Amino acid sequence: MNTIWIVLPILIVLMFLLGTEMTKDSFKGIVTQPGKVLLGLFGQIILLPVVAFVIAWVLKLPAVYFMGLVLVACCPGGSSSNVFSMLAKGDVALSVTLTAISSIVTLFTLPVVMNFTSDFVSAQSGVEIVLPVGKLIMQNIVLIFVPLFLGWLFKNYFPVAADKVNKVLSKAAFPALMLLAIVFFLQYTTEIIANFTVLGLATACLILSTMLLSALLTRVFKYSGAVRRTIVIEVGMQNAAQAIAIATSPIIFNSGEMAIPAIIYALLMNIILLLYVMIIKHKAN
């Protein structure tokens, strides 16, 4: 069974959920607080893929995992990052703005980064990897932009109903992702166990190094603790469901192995960020 048929409805629901968290003011942040937004976008759009590329190159990951690690770094966090920002007493409005803008911007940046990566990996490994850019863009529009836009419309025209739907979907989001992880693990148990050490190291390095670098950048620009925590979380959380959908899609890569870094990333991401929130709350007491 191709896990794409499990991840597709999960991804669509997650993006619709994100849309229901957005209002007409969600994009005003780029005007009212451009410095914070641009710094966060720099971390999400540029810093993450660059660090992932370097880590994959240094660890000499096999072609399929090299692609998988960079792929998950190209998929910005969904609505979960907004929840974590709230728990960490961050700037939730900034979190929503960053999530909304990055989800749209990466519709265009993701194909560019992945096309460069596929060319590099093909040249280095001798394994030809072809990226159907047009199909990738079309799939992302259908699975990311359309449900996001519909959720936004629903929120703006039926706010009361949208809030009720949001409460239901937000409770189902995490269990759905865990179900996906379990199904994926059962299907690729041998590959995950055989490569867990190196991929666990790679994904942990990616999460921790980008969180650290984004924290340092916010300190350099002298942003408040709330803004700093929000940007750290936004950079640290990636949309694993989107990465899995692209990796396993029959019209793009059609590779379950390429999705393994995203699965491991999703597990470590939640553990590391939960610890981060606990540390923040402990310091506040």
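Contact here means heavy atoms within 4.5 Å. With that in hand, let us walk through this predicted model, in which local features need pLDDT of at least 70, side-chain atom pairs count only at pLDDT 80 or more, and totals for chains, interfaces and linings use all residues. Residues are numbered from 1 along each chain as its sequence is written, and side-chain values use heavy atoms, with hydrogens and water left out.

Helices are DSSP runs (H or I, at least four residues) numbered from the N terminus. N195 sits in helix α9, residues 189-220. Leaving out residues up to four places away in sequence, N195 touches Y65 and G200. Is N195 buried or exposed? N195 is buried, at a relative accessible area of 18%, because buried means under 20% relative accessible area (1.4 Å probe, protein chains only).

M211 also has its place in helix α9, and with 9% relative accessibility M211 counts as buried. Apart from neighbours within four places in sequence, M211 is in contact with V232, G236, I272, L273 and Y276.

The expected span of a helix is 1.5 Å times one less than its number of residues. For α1, with 17 residues, the reach from first C-alpha to last is 24 Å, close to the expected 24 Å. Helix α1 is mostly covered, since 12 of its 17 residues are buried; among them are I4, L8, L11 and M15.

Helix α7 (residues 133-157) has 25 residues and should span 36 Å at 1.5 Å a residue; its end C-alpha atoms lie 34 Å apart, which agrees. A kink of about 35 degrees in α7 is centred on I141, where the bend at a residue is the angle between axes fitted to the seven residues ending there and the seven starting there. The buried residues of α7 include L136, Q139, N140, L143, P147 and K155. Among the elements covering the buried residues of α7 are α1 (4-20), α6, α8 and α11.

**Cavities**

Rolling a probe the size of a water molecule over the atoms shows where empty space is left. A cavity is a set of points, on a 1 Å grid over the protein atoms alone, where a 1.4 Å probe fits but cannot get out, and lining residues have an atom within 4 Å of a point. Grid points are joined across faces, edges and corners, and a volume is the space filled by probe spheres set on the points. How many cavities of 30 Å³ or more are there? The count comes to 2.

| Cavity | Volume | Lining by class |
|---|---|---|
| Largest | about 60 Å³ | 10 nonpolar, no polar and no charged residues |

Lining the largest cavity are L177, M178, L180, A181, A240, A241, I244, I263, A266 and L267. Helices α8 (159-187), α11 (240-248) and α12 (260-284) each supply at least two residues of this lining, and α8 gives the largest share, 4 residues.

Around the second largest cavity are Q44, I45, P49, A73, C74, T106, T109, L110 and V113. Here α3 (34-58) and α6 (92-125) each supply at least two lining residues, with α6 giving the most, 4 residues.

How values were computed
On a 1 Å grid over the protein atoms alone, a cavity is a set of points where a 1.4 Å probe fits but cannot get out, and a pocket is an open set with protein on both sides within 12 Å along at least five of seven lines; lining residues have an atom within 4 Å of a point. Ala, Val, Leu, Ile, Met, Phe, Trp, Tyr, Cys and Pro count as nonpolar, Asp, Glu, Lys and Arg as charged, and the others, Gly among them, as polar. Buried means under 20% relative accessible area, exposed over 50%, partly exposed in between (1.4 Å probe, protein chains only).
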